[in-house]
Amino acid sequence: MKSLPRSLEGARVLVGIGGGIAAYKTAHLVRGLVAEGADVRVVPTTASLEFVGAATWEALSHHPVLTSVFEDVDEVAHVRFGQEADLVVIAPATADLLARMRIGRADDMLTASLLVTRAPVVVAPAMHTEMWEHDSVRENVAMLRERGVTVLEPAVGRLTGPDSGAGRLPEPEALLDAARAAITAPRDGRGGIRRDLVGRELLITAGGTREDLDPVRFLANHSSGKQGWALAHAALVRGARVHLVAANVALETPPGARRTDVGSAAELAAVVAEQRGQADALVMAAAVADFTAAERSEAKIKKDDADGESVPAIALRRTEDILRHSVLDRAGAARPAIVGFAAETGAGASSALELARAKARRKAADLLVFNDISAGVFGAADNSVRVLDRDGEEVARAEGSKTAVAHAVLDELAALHPEVS
Ligand code: CTP
């Protein structure tokens, strides 16, 4: 049995290209995968070469490109590619390719490889809305999902013609995030992704809130939203439904996630209060402001230039502690499971870990994910965390990519209500 890769670095990724115009976007995905250190094999269908030629894929992946099973027959490539792959990503997948996958055809290099591989398979369909909504496509997608294939939801927006609707290929950045989530996901007995969150609804807050001081200035923080996003992608590949409450996040929405954008702590609190009743889990990954302006100035705050030194005194007031409020509001019920995050630097004689343990007990969420940020973490791809229970005891540790951390947090979350999975 092959050992599991912990990131895309060094992973062998087979990228399948279906015959759709969106194939040009996949060139950026291949670039991104190679930039992360993945060893990428591109396997285009014959039809897809009408849109993007083999030379593009060969140059970007640094490997020759095979389309038919009758090329490089001495190397038995149609078996080898599938066997060697740690991950398969198909983007774009046409209606025709989905149909061939569903019935197990093996009439070209890509479909033959798909029958051989035991690695996770992530499929990004792209087609016109009418085709995407057709009963036969819906049935093929449902069947593939039932077999453990991760079929991403297409994005909604402008299509190739003058029309718009569901059917766009998600942006390369979102596909790369989905690939990261898939390669680090826990596996089922056959090598596919363990879909232990099917039927669960996760409400995940992400990003950092902004508190307006006047029409041009605000108090904010350095949170990029990447950890919340990694949690969303990881939960989606494990089968969950995800509602992301995004505070000032400039990232592509994960395919299939519902997204509500908010600005301030009060707006975030209002959305969480309204939505948490429907959720199986609330994951508070957002960096929420603890203080907001006691009064937002309607006019721009001016400096008083009489002495050239005056500084305005800006009065602040506390915001609602949404995490604590959610725990109290749950009032002993099992749902939603509640996960908090604590970024600590340590203060005086108290170590960052001691502060986090005290916070875990004080907030009494089911899990508190502690992150020692003394060394800096905001905006970085990697993270190192300890997961504490409500008594401050460590239940798990995770290091590596934010996606790997996300899966470790979800493992603990899944274990909280094992009867659901
Ligand atoms: N949080 C919240 N509402 C707030 C502030 C924070 O729900 N007004 C949540 C965060 O989303 C996070 C957790 O509380 O999940 C811990 O955030 P942190 O800022 O570390 O905790 P604070 O209670 O603000 O403690 P500190 O005094 O260390 O700032």
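Which domains does the domain assignment of the protein give? The assignment gives domain 1 (12–184) and domain 2 (201–420); such bounds come from an automatic or database domain assignment. This is a predicted model, in which local features need pLDDT of at least 70 and side-chain atom pairs count only at pLDDT 80 or more, while totals for chains, interfaces and linings use all residues. Residues are numbered from 1 along each chain as its sequence is written, and side-chain values use heavy atoms, with hydrogens and water left out.

**Domain interface**

- The centres of domain 1 and domain 2, taken over C-alpha atoms, are 35 Å apart.
- In domain 1, 13 residues are in contact with 13 residues of domain 2 (contact means heavy atoms within 4.5 Å).
- The two domains bury about 1000 Å² between them, with 69% of it on carbon and sulfur atoms. Buried area is the accessible area (1.4 Å probe) that two parts lose on being put together, summed over both.
- On the domain 1 side, Glu173, Ala181 and Thr184 lose the most area to domain 2, together 39% of what that side buries.
- Between domain 1 and domain 2, 2 residue pairs are in polar contact, both at pLDDT 80 or more. A polar contact is a pair of N or O atoms within 3.5 Å; within protein, one must be able to donate a hydrogen and the other to accept it, and residues adjacent in sequence count only if both atoms are side-chain atoms.
- Helix α8 (residues 172–183) gives the most to the side of domain 1 that touches domain 2, with 7 residues. Helices (H or I, at least four residues) and strands (E, at least two) are DSSP runs, numbered from the N terminus.

**Ligand surroundings**

- Of the 15 residues around the ligand, Ala286, Leu323, Phe341, Lys359 and Lys363 come nearest (a residue is near if one of its heavy atoms lies within 4 Å).
- Lys363 places a polar side-chain atom 2.6 Å from an oxygen atom of the ligand.
- Phe341 has a backbone N or O atom 2.8 Å from an oxygen atom of the ligand.
- Thr319 has a polar side-chain atom 3.3 Å from a nitrogen atom of the ligand.

**Backbone geometry**

- Most residues other than glycine have a negative phi, and most peptide bonds are trans.
- The Ala91 to Pro92 peptide bond is cis, with omega near -5°; Pro92 sits in strand β3 (residues 87–93).
- Arg335 and Pro336 are also joined by a cis peptide bond, with omega about -5°. Pro336 is in the loop between α11 (322–330) and β16 (337–344).
- His62 has a positive phi, near 60°, and lies in the loop between α2 (54–61) and α3 (77–84).
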